[in-house]
Amino acid sequence: RDFLRPVRRVWLMMLSQAGMVQRDIWPASAAVIVVGYFFALVSGEAGALRFFAPLMAAACISIIYGPDFDPALEVSLATPTSPWQILLARLTLVFLYGLALGLAASLALLPFFPGLVLGELITGWLAPMAFLSALALMLSLPLGSQNAIAIAYILWISQYLLRGAAGGALQLPASFPALERSLQFYLAFWNNSPLLVVFSFLFVLAALCLTCIKKEQFLRTA
């Protein structure tokens with residue numbers, strides 16, 4: 001039974017943090033996915049779900065940790081529990097919830113899109129969702145949640161504006177080859193799932209390190 005002890009500890013940690021997460025996250029996440037689902041039905045494009053899922057995750061995960069959204073944060077920092085464990089537990093809860101919503105919406109689209117490849121649809125929004133939420137989480141610690149959400153949204157929406165303005169392909173003057181290559185790379189980056197996942201892990205690691213640094217600073221000033 002000893003090998004189950006870490007599993008029980010993780011489970012208890014997640015249960016304890018479930019009540020500390022902002023309650024508005026749960027209905028707000030569901031509402032955004034529902035909007036994305038019906039938008040996909042109305043537009044006739046199942047891939048429309050790809051636009052909404054990362055936006056939902058970035059906004060929700062950026063507010064899971066910090067004094068603005070956690071009145072008991074100072075108490076938590078004063079306990080022996082490591083802040084990175086608290087953050088990781090909350091991140092896991094909220095991301096898995098968003099993942100479940102996205103999967104449910106993807107499955108619910110199948111009856112209306114007979115030729116839809118479920119795997120392609122899921123990978124289309126899962127990697128960007130992981131990247132954007134990890135980025136927003138990391139930025140929220142030093143910059144605050146509102147700034148983190150704004151930056152994440154600008155980066156995400158800008159690619160759609162660029163694609164729309166160029167009709168899916170950038171056509172810049174020949175005198176700006178460096179700019180054209182940069183923009184082409186930027187657009188291709190969002191379709192590179194392995195690279196998005198790698199950066200997601202790096203951003204989460206950076207966020208965990210920042211929480212430990214903040215605790216050290218708190219203990220020095222306490």
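Biologist: At what angle do the axes of helix H3 and H5 cross?

Modeller: Two packed helices are described by the angle between their axes and by the distance between those axes. In this predicted model, helix H3 (residues 49-61) and H5 have axes that come within 10 Å and cross at roughly 165°. Axes here are lines fitted to C-alpha atoms, for helices over the stretch in contact, with angles from 0 to 180 degrees between N-to-C directions. Helices (H or I, at least four residues) and strands (E, at least two) are DSSP runs, numbered from the N terminus.

Biologist: Which word describes how H3 and H5 run relative to each other?

Modeller: Angles under 35 degrees count as roughly parallel, over 145 as roughly antiparallel, 65 to 115 as roughly perpendicular, and the rest as oblique. H3 and H5 are therefore roughly antiparallel to each other.

Biologist: Which residues of H3 and H5 make the contact?

Modeller: Contact means heavy atoms within 4.5 Å. H3 contributes Leu49, Met56, Cys60 and Ile61, and H5 contributes Leu91, Val94, Phe95, Gly98, Gly102, Ala105, Ser106 and Leu109. This contact of H3 with H5 divides into 9 nonpolar, 3 polar and no charged residues. In that scheme Ala, Val, Leu, Ile, Met, Phe, Trp, Tyr, Cys and Pro are nonpolar, Asp, Glu, Lys and Arg are charged, and the others, Gly among them, are polar.

Biologist: How do H2 and H5 cross?

Modeller: Helix H2 (residues 25-43) and helix H5 (residues 83-109) have axes that come within 10 Å and cross at roughly 25°. H2 and H5 are therefore roughly parallel to each other, and H2 passes H5 in a right-handed crossing. On the H2 side the residues are Ile25, Trp26, Ser29, Ala30, Ile33, Tyr37, Ala40 and Leu41; they meet Leu93, Val94, Tyr97, Leu101, Ala105, Ala108 and Leu109 in H5. The class count for H2 with H5 is 14 nonpolar, 1 polar and no charged residues.

Biologist: And at what angle do H1 and H5 cross?

Modeller: The axes of H1 and H5 come within 9 Å and cross at roughly 80°, so H1 and H5 are roughly perpendicular to each other. Met13, Met14, Gln17 and Ala18 of H1 meet Gln85, Ile86, Ala89, Arg90, Thr92 and Leu93 of H5. By class, the contact of H1 with H5 has 6 nonpolar, 3 polar and 1 charged residues.

Biologist: Is glutamine 17 buried or exposed?

Modeller: Buried means under 20% relative accessible area, exposed over 50%, and partly exposed in between (1.4 Å probe, protein chains only). Glutamine 17 lies in helix H1 (residues 5-18) and counts as buried because its relative accessibility is 8%. Leaving aside neighbours within four places in sequence, glutamine 17 is in contact with Ile86, Ala89, Arg90 and Leu93.

Biologist: Where does methionine 129 lie?

Modeller: Methionine 129 is in helix H6 (residues 118-143). With a relative accessible area of 0%, methionine 129 is buried. Beyond its neighbours within four places in sequence, its contacts are Ala53, Pro54, Met56, Ala57, Phe95, Gly98 and Leu99. Methionine 129 and leucine 99 are 30 residues apart in sequence and 8.9 Å apart in space, C-alpha to C-alpha.

Biologist: How many helices and strands are there in the protein?

Modeller: The protein has 9 helices and 0 strands. Of its 222 residues, 40% count as buried.

Biologist: What conventions apply?

Modeller: Residues are numbered from 1 along each chain as its sequence is written, and side-chain values use heavy atoms, leaving out hydrogens and water. For this predicted model, local features need pLDDT of at least 70 and side-chain atom pairs count only at pLDDT 80 or more, while totals for chains, interfaces and linings use all residues.

Key:
Left-handed = near helix turned anticlockwise from the far one by under 90°.
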